[in-house]
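Subject: Structure for your review

Dear colleague,

Here is the structure I promised to pass on. My notes on it follow below.

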Amino acid sequence: MKIHEYQAKELFATYGIPVDRSIVCRSVEDAVKAYSQLDSQKVIVKAQVHTGGRGKAGGVKLANGEVELRKHAAAILGMDIKRFIVDRILVGQAINIVKEYYVSYVVDRKSKSTILMLSKEGGMDIEEVARTSPEKIHRFVIDPSIGVPDYLAREAAFKLFDDIKQVRQAAVIFQKLYKLFVATDASLAEINPLVLTKEGDIMAIDAKMTFDDNALFRHPKIAALNEPTEEEKKEQNAKSKGFSYVNLGGEIGCMVNGAGLAMATMDMIKLYGGNPANFLDIGGSSNPTKVIEAMKLLLSDQNVKVVMINIFGGITRCDDVAKGLLEAFKQFKTDIPVVIRLTGTNEKEGRAMLQGSGLYVAETMGEATEKAVSLT
Ligand code: GDP
Ligand code: MN
């Protein structure tokens, strides 16, 4: 689960990590009010959306004076950044930046640990740095039984700073950020950029946190910050109906009984040159209501051009499945072509029942996939 920068900054502040003074606003009028409260000639106006790269998208602007503030606030509110519409902006005291650094804790699969990542090349081009000069990114594997002791925090800080005063300030920030990361079951805590100011201080001027969904039950206050996207809402809705559903953006809607078979179905679609719209495991039963619910879910996705149903009848008998499908499609009308691959126990009877139903019936996965791809 993601949270907004302003929410992450509040968490940072409670853990004693220095952040710039800022106020979240929902309108230009709010922003003007915030401006007078901040008592600073120059302010920074930042879009609050659940995606990175806001700066490059024009969602971060420096304003010198109230007139510019109004202009930027009006332009950023309502902006579309990677399909997120901006409904909140953060207005903050502008910081005089000398240099920008990158700092994050992230769960790393390779070392099966939390790692501390650091770079002197922080700021908006960090992805480029990671790609072209990976040696400029330092990694420290954190032993969970030791955490981040003073010596390690200082060793890390020396990768970024030479001045001992700055090293000490940064080391403390690294330790506090780790404490926050662990205490909240985060999977990412990122400061990009951590900055050295003209006044010689070190502070976080951006804050990003992602939390492990499976641990949210332990953190009701963080869980309350959840703002699911349309896609996530759909996935949660599917989950509440007993389906396991993941949107994948392609055009072939998939309905499969069993997670392994669903995975294999995605692979087959790719192999035949198509793109799955989703992963959907409807489980074992052939209950018509379940099929109808699953069809509604698939067809709520505008991209879906064909539906491919892949059923392996093991304990579930194919003739039962066929009965369920016929019942479902009697109640549920659609113009979208539906391909059904039905195999396993009583498959011949099952397929025979579906003849003349208007559904495309296939015996093998290859046959069904080829048909589905050609129909798109
Ligand atoms: P992101 O692009 O979504 O990561 O947004 P950031 O919050 O990191 O802002 C992007 C860039 O804006 C930073 O890398 C800074 O260069 C710049 N920036 C952000 N806040 C300030 C500020 O207070 N003063 C100045 N001068 N620049 C800022
Ligand atoms: Mn940033």
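The phi of Arg 83 is near 70 degrees, which is a positive value in a residue other than glycine. Most residues other than glycine have a negative phi, and most peptide bonds are trans. Please keep in mind throughout that this is a predicted model.

Asn 192 and Pro 193 are joined by a cis peptide bond, with omega at about 10 degrees. Pro 193 belongs to strand 10.

Next, the ligand. Ligand 1 takes up the space of the largest pocket, and 16 residues surround it. The closest of these are Lys 46, Arg 54, Gly 55, Ile 95 and Glu 100. By type, the residues of the shell around ligand 1 are eight nonpolar, four polar and four charged. Three strands each supply at least two residues of that shell: strand 2 (42-47), strand 7 (97-108) and strand 10 (186-197).

- An oxygen atom of ligand 1 lies 2.6 Å from an N or O atom in the side chain of Lys 46.
- In the side chain of Asp 206, an N or O atom is 3.1 Å from an oxygen atom of ligand 1.

Taken alone, ligand 1 exposes 570 Å², and the protein buries 84% of that.

Asp 206 comes up again among the salt bridges. The count of salt bridges comes to 19. One of them pairs Asp 206 with Arg 54, the closest N and O atoms being 3.1 Å apart. Asp 206 lies in the loop between strand 11 (202-204) and strand 12 (208-211), while Arg 54 lies in the loop between strand 2 and strand 3 (60-64), so this pair ties together parts that are 152 residues apart in sequence.

Regards

Methods:
Residues numbered from 1 in each chain as written. Chains lettered and ligands numbered in written order. Predicted model: local features only at pLDDT ≥ 70, side-chain atom pairs only at ≥ 80, totals over all residues. Heavy atoms only, no water. Near = heavy atom within 4 Å. Polar contact = N/O pair within 3.5 Å; in protein donor to acceptor, adjacent residues only side chain to side chain. Areas by Shrake-Rupley, 256 points an atom, 1.4 Å probe, with all protein chains shown as cover. 1 Å grid on protein atoms, 1.4 Å probe; cavity = no way out; pocket = protein on both sides within 12 Å on 5 of 7 lines; lining within 4 Å. Sits in = over half its atoms within 2 Å of the grid points. Helix = DSSP H or I, 4+ residues; strand = E, 2+ residues; numbered from the N terminus. Nonpolar A, V, L, I, M, F, W, Y, C, P; charged D, E, K, R; others polar. Salt bridge = Lys/Arg side-chain N within 4 Å of Asp/Glu carboxyl O.
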